[in-house]
Amino acid sequence: MKLSLAILYSTSLAPVSAFQMSSSPFRRSVFSVSGIRMSNDDNSIEAPTTYRVEEIEGQQLKELKDPMNLYSANSEERKEGRIQSNREPDIDSDKTIFDPMNLYSENSEERKEDRILSNGEPDTSDRQLTDPMNLYSANSEERKDGRIRSIEDPDIDSDKPLQDPMNLYSANSDERKDGRIQSNSNANGESDNISEKPIYDPLGIYPSDSGEQLKGQIKASEPELKVVSAVVDPMNIYSSKDGIDDAVMSEALPFLTRPLILDGSMVGDAGFDPLGFARTQEDLTNYREAEIKHARLAMLAAAGWPLSELFDKKIALALHMSPLVDAADRAPSILNGGLEKVNPFYWMLCLVSAAAIDVYGISKSKSGDASYFPGNLGFDPLGLYPKEAEGQMRMQLAEIKNGRLAMISILAFAVQEFVSKSGVIHL
């Protein structure tokens, strides 16, 4: 038995794994290959030979395109005339070609046919050019051809104003001599208020003698800083003392400088703001409003706390009710507990009353009344508020000082009873 194997070898004798026969009725290739023959009689091996491809008679050979000339002159494809010309059939041979990068060689068919337009631009030899800045030299082709129009030509509006924000026109240019250069205005000569707009120049592009510098339009690249505290130099770090302030030390904290916003004009101002919360006058007014509200509430609580511990059991016994204080006479609080014993209607009454007072205070503060100051609700049923300015300042100072002391007292009451487990009336 003889076994025949047909193997296709390339020029490097690499084997082809398989042959595929086309099943198309229009085109079929017949491969005639002499390959390796193995015989079980003499175990002989024949060397492989080449192969040939035959086209079915009558089949038209397919033409090939080779725009990059990859097929050599002695290739079978060129000998058989199957290589098409580089020129595509749909290309207009009379069409002008622009070649700004000189990609077409001197011996190319396109250059021989004079189809390449120089400089990659359409023919503009008849087009007139204007050169108000004299960019074309005297020996340029455009000037030699007389294509440069004068600025005085009738079709050029010599009265039209020009804008030159970057000062490209020199001082002796005709445009500046004619007064046609406008500074910081639009084409109609109407001002756009550009001269008032600040300009940031972090790179220092504008010279010192520019109009913008002389008008003070050039600003620093950083936003304007708001100084909220005095600048002091106890270690003489600053080389110049021009920016050093004569610092005023705080009354409340003598080792710190007084913030500039706390100028002493407000009653009770001791220069105490170590964390720098108040940076503007508006901030200071809002903080004083909050302070006076908490101060008044704390004064009521400082008086009501010990009184409730003294009289709560007696009042509850007289009204046949359960007392709110515990066995150690401690008033209900967050730390002590017992708040759940309070009637919910009492909390609703407190919430509605506080909201009404707060809304009234806000409306009064925004009424525009010149006599208003933080906390001035006009509440003086007993007529204790003095009429003279000095007495009013004294009364306001007493209120804010007692309020600050009451806020500290309430905090002390809560902590003391939580730690000692006994009411403040027993301490």
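Me: How do you know that the length of helix α6 agrees with what its 38 residues should span?

Reply: This is a predicted model, and the check is simple. At 1.5 Å a residue, the 38 residues of α6 (residues 281–318) should span 56 Å, and the end C-alpha atoms are 53 Å apart, so the two agree.

Me: What makes F311 stand out in α6?

Reply: A bend. Axes fitted to the seven residues ending there and the seven starting there set the angle, and at F311 that angle is about 50°. After α6 comes H320, with a positive phi near 55°.

Me: Which residues of α6 are called buried, and what covers them?

Reply: The cut-off is under 20% relative accessible area. In α6 the buried residues are L284, R288, E289, I292, A295, A298, W305, E309, D312 and A316. Their cover includes α7 (344–365) and α8. For the protein as a whole, 21% of its 427 residues count as buried.

Me: How do you know which elements the predictor trusts, from lowest to highest?

Reply: By mean pLDDT, the predictor's confidence on a scale from 0 to 100. Among the elements, α8 has the highest mean, 94, while strand β2 (residues 8–9) has the lowest, 37. The protein averages 75, with 70% of the residues scoring at least 70.

Me: What makes residues 1–41 a stretch to handle with care?

Reply: Their pLDDT stays under 50, although the model has 58 contacts for them beyond four places in sequence. Residues 185–192 are also below 50, with eight contacts beyond near neighbours in sequence. Where pLDDT is low, predicted coordinates should not be read in detail.

Me: How many helices and strands are there in the protein?

Reply: Eight helices and 14 strands. Of the contacts between residues at least 6 apart in sequence, 31% join residues at least 24 apart.

Key. Residues numbered from 1 in each chain as written. Predicted model: local features only at pLDDT ≥ 70, side-chain atom pairs only at ≥ 80, totals over all residues. Heavy atoms only, no water. Helix = DSSP H or I, 4+ residues; strand = E, 2+ residues; numbered from the N terminus. Expected span 1.5 Å × (residues − 1). Buried < 20%, exposed > 50% of the residue type's maximum accessible area, 1.4 Å probe, protein only. Contact = heavy atoms within 4.5 Å.
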